[in-house]
Amino acid sequence: QVQLVESGGGLVQAGDSLRLSCAASGRTFSRDVMGWFRQAPGKEREFVAAIGGNTYYADSVKGRFTISRDNAKNTIYLQMNSLKPEDTAVYYCAADLKNPRVVDKLAYEYWGQGTQVTVSS
């Protein structure tokens, strides 16, 4: 079956960087849109970034985060620079977009279990 496994989260200070990874197994997603979402305590899960033929970013992370993929490894990455306390959340990987709305969490078929990112001030 399809599995998405995130890694790379942790506790960092404001201004630091982290790189998240999402390794997919069970099928190849090289031709599919994959994305990153995040959910802070008490808040809705929100779009962060996606990659397909193009890349897409939430305004809140544009210029600080970079999404990339390694098709040979069936893996996507999220390089997060200049982290802020408001970036604190569980970060989820998503795959297989079912409609063109890359920012819509309901549009993705598969999800990982999430990785915690905590940014202290």
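The model is predicted: local features require pLDDT of at least 70 and side-chain atom pairs pLDDT 80 or more, while totals for chains, interfaces and linings use all residues. Residues are numbered from 1 along each chain as its sequence is written, and side-chain values use heavy atoms, without hydrogens and water.

A search of the whole structure returns one disulfide (a pair of cysteine sulfur atoms within 2.5 Å). Cys22 and Cys93 form this link, with their sulfur atoms 2.0 Å apart. It joins distant parts of the chain, 71 residues apart: Cys22 lies in strand S3 (residues 18-25) and Cys93 in strand S9 (residues 89-97). Strands (E, at least two residues) are DSSP runs numbered from the N terminus. The link is left-handed, with -75° about the S-S bond. Cys22 is buried at a relative accessible area of 0%, and Cys93 is likewise buried at 0%; buried means under 20% relative accessible area (1.4 Å probe, protein chains only).

| Strands | Bridges | Direction |
|---|---|---|
| S4 and S9 | six bridges | antiparallel |
| S9 and S11 | three bridges | antiparallel |
| S9 and S10 | three bridges | antiparallel |

Within S9, Ala94 is the bridge partner of Gly35; the partner of Ala94 in S10 is Trp111.

Conventions. Helices (H or I, at least four residues) and strands (E, at least two) are DSSP runs, numbered from the N terminus. Buried means under 20% relative accessible area, exposed over 50%, partly exposed in between (1.4 Å probe, protein chains only). Two strands pair if DSSP finds at least two bridges between them.
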